[in-house]
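Please keep the sequence and the model open while reading.

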Amino acid sequence: MFCRLCLSEYNTCMEKTLYAEALAKLNPAQRQAVEAIDGPVMVIAGPGTGKTEVLALRIAHILEVTDTPASGVLCLTFTRSGVRAMRERLERHIGSRAHEVTISTFHSFAIEIIEKHFELLDFTRMPRLLDDREAVFIVDEILHANEWEHLRPRGNPATYFSDIKSLISLLKRERMTPADFLAEIERDIAELRDNPDNISSRGERKGELKKEVLKKIESLERTREVVRFYELYEAEKKDRGLMDYDDVLEYAVRLVEESEDVRADMRENFLYVLVDEHQDSSGVQNSFLRAVWQDTDKPNIFVVGDDRQLIYGFGGASLSYFEDFKTLFGRAELITLVENYRSTAPILTLADELLASELTTEKLRSNTDESYELYLSEYSYPRDEVIAAAMHFKRLIESGTPANHCALLVPKNRHVRGALSILRDQGVPVSSGTITSLFEARDVDAFRRVLAVVADPNNSTALANTLLDRTSGIPVIEAHTYLRPHKNYDLTLADLVQVGSDA
């Protein structure tokens with residue numbers, strides 16, 4: 001029987017053995033990335049090249065060869081699933097110490113900073129995160145309490161709701177204040193008016209601005225109303241002690257930019273920083289890294305990403321932020337991972353031809369000798385793609401391939417039902433491979449909201465949410481119209497009963 005001390009030594013020995021074995025399996029480029037722990041390091045990691053393993057082993061290597069405590073390492077990623085995957089991978093290499101390493105999404109980490117220093121942002125208490133439903137009410141109140149020429153058409157006041165929210169979200173991710181945005185609008189208008197190429201040189205409009213240019217100017221002038229809305233929206237949230245999803249990163253950046261104590265706290269606590277999927281970083285996320293560590297001589301910041309996998313462009317991500325890292329903190333050590341452990345050579349060759357990297361000329365190489373026949377076809381409509389796949393499957397099945405050896409992958413879950421219908425119509429035996437959580441089903445989610453009211457009839461927020469639920473059968477606009485007078489969801493069952501009685 002092991003004593004506790006012996007068991008601890010045994011576990012430590014096993015962890016070091018597993019770490020050494022994993023290190024020995026790395027290819028030269030991966031090993032270089034793991035062992036290059038000093039100063040800024042930038043890794044271009046193509047798909048399937050083992051970047052998660054590299055990140056985990058790099059953390060393990062830092063703890064192995066330096067006296068840095070596990071709590072002195074910060075690893076930032078973009079999704080909760082990424083956090084879980086990294087934590088599990090790291091636990092294989094260093095055991096329970098993996099839970100001492102700070103592995104977090106950018107937003108979760110930013111919220112922790114705000115919780116510690118919210119007074120510096122002129123809040124008397126920690127601002128509450130605004131959910132989408134509450135945001136709808138605030139936007140609706142602003143639109144109704146003010147006069148608008150363009151943002152609130154009489155026929156449908158909610159016409160531009162989504163567009164306004166999306167635009168404001170994008171502006172905040174790029175750290176553009178209402179004043180900044182207005183200045184950009186005025187600059188664009190001036191450039192259009194002052195450009196000689198925009199003046200008609202013949203016809204009735206000779207010497208005047210061309211019609212298409214006037215339309216652009218009119219559009220920009222209408223956008224000035226968005227600036228006013230943006231200002232009112234920000235003020236309303238601040239007055240109510242609220243922050244939306246995009247405020248989280250902005251507030252964190254403001255704290256490290258404006259407070260030397262907060263910056264010093266960050267530098268003292270985190271000696272090594274790793275950022276996953278850096279190609280998806282937005283302007284505000286990069287501002288955070290810059291504000292804390294740019295004045296540090298050769299900070300130990302490690303970023304990994306791939307320009308071919310940029311997927312958050314709609315959220316403000318830009319390849320330039322990833323590319324600029326090469327010189328942002330001094331000249332970074334550049335490492336490229338190209339050995340792919342996931343795909344065959346024909347797939348990688350085709351991938352390189354369709355979408356080549358702008359940051360490296362090295363081509364992806366397959367780690368396997370397996371090779372399969374590959375086809376690339378082009379279609380005008382999504383339905384045609386599925387029909388072609390059905391015909392291909394029928395030929396395979398007729399030649400003896402088992403039907404359960406065939407698979408069709410579609411971009412989104414909502415495409416599955418349509419694909420299944422088409423395949424069945426073409427006589428292909430099908431089964432859906434999707435797994436839906438009970439608690440993610442729309443009807444179950446609606447039922448849970450009703451149960452929340454049953455459990456606490458005084459929960460006015462839950463009660464209001466049941467009215468906004470599509471299963472209530474109440475049109476969204478009507479629900480908003482009814483709820484508008486009830487500030488902060490101040491609603492009771494008695495109110496609804498009275499409405500029923502009046503009807």
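Two residues are in contact here when they have heavy atoms within 4.5 Å of each other. The model is predicted.

## Overall make-up

The chain has 503 residues, and 40% of them are buried. Its secondary structure consists of 20 helices and 10 strands. When contacts between residues at least 6 apart in sequence are considered, 74% of them join residues at least 24 apart.

## The sheet

Six strands, in the order β3-β2-β6-β7-β1-β8, form an open sheet with parallel pairing. Each of the edge strands, β3 (102-105) and β8 (333-337), has a single partner strand, so one side of each has no neighbour in the sheet. On average, neighbouring strands are turned by 15° against each other, direction ignored.

Strands of a sheet pair through backbone hydrogen bonds, either parallel or antiparallel. β2 (residues 73-77) and β6 (residues 272-275) run parallel and are joined by 4 bridges. Val 73 has Tyr 272 as its bridge partner in β6, and Leu 76 stands opposite Val 275 of that strand. β6 is also joined to β7 by 3 bridges, again in parallel, with Val 275 opposite Val 303 in β7.

Helix α2 (residues 28-35) lies across β1 (41-45), β7 (301-305) and β8, and runs at about 145° to β8. Helix α3 (residues 51-65) also packs on the sheet, where it touches β1, β2, β6, β7 and β8. The direction of α3 makes about 165° with that of β7.

In soluble globular proteins, nonpolar side chains tend to be buried together. The largest nonpolar core in this chain has 39 residues, and those with the most contacts inside it are Phe 109, Ile 113, Ile 114, Met 266, Phe 288 and Trp 293. Helix α10 (residues 245-258) supplies the largest share of this core, 7 residues. A second, separate core has 35 residues, including Ile 37, Met 86, Leu 90 and Ala 98.

Which residues does Ile 114 contact, leaving aside its neighbours within four places in sequence? They are Leu 121, Met 126, Pro 127, Met 243, Val 248, Tyr 251, Ala 252 and Leu 255.

## The α10 and α11 pair

Two packed helices are described by the angle between their axes and the distance between the axes. The axes of α10 and helix α11 (residues 260-269) come within 5 Å and cross at roughly 100°. Angles of 65 to 115 degrees count as roughly perpendicular, and α10 and α11 are therefore roughly perpendicular to each other.

From α10, the contact involves Leu 255, Val 256, Glu 257 and Glu 258. These meet Glu 260, Val 262, Arg 263 and Met 266 in α11. By type, the residues of this contact are 4 nonpolar, no polar and 4 charged.

## Residues in loops

Asp 306 is in the loop between β7 and α13 (319-328). Is Asp 306 buried or exposed? Its relative accessibility is 1%, so Asp 306 counts as buried. Not counting residues up to four places away in sequence, Asp 306 touches Ile 44, Ala 45, Gly 46, Pro 47, Gln 279 and Phe 322. Asp 306 and Ser 357 are 51 residues apart in sequence, and their C-alpha atoms are 7.9 Å apart.

Most residues other than glycine have a negative phi, and most peptide bonds are trans. Glu 277, in the loop between β6 and α12 (283-293), has a positive phi near 50°. Lys 298, in the loop between α12 and β7, likewise has a positive phi near 50°. Lys 298 is exposed, with a relative accessible area of 59%. Ser 377 lies in the loop between β10 (365-366) and α15 (382-398) and is partly exposed, at 48% relative accessible area.

Methods: Residues numbered from 1 in each chain as written. Predicted model: local features only at pLDDT ≥ 70, side-chain atom pairs only at ≥ 80, totals over all residues. Heavy atoms only, no water. Core = buried A, V, L, I, M, F, W, Y, C linked by side-chain atoms within 4.5 Å. Buried < 20%, exposed > 50% of the residue type's maximum accessible area, 1.4 Å probe, protein only. Helix = DSSP H or I, 4+ residues; strand = E, 2+ residues; numbered from the N terminus. Axes fitted to C-alpha atoms, helices over the stretch in contact; angles between N-to-C directions. Parallel < 35°, antiparallel > 145°, perpendicular 65-115°, else oblique. Nonpolar A, V, L, I, M, F, W, Y, C, P; charged D, E, K, R; others polar. Pairing = 2+ DSSP bridges.
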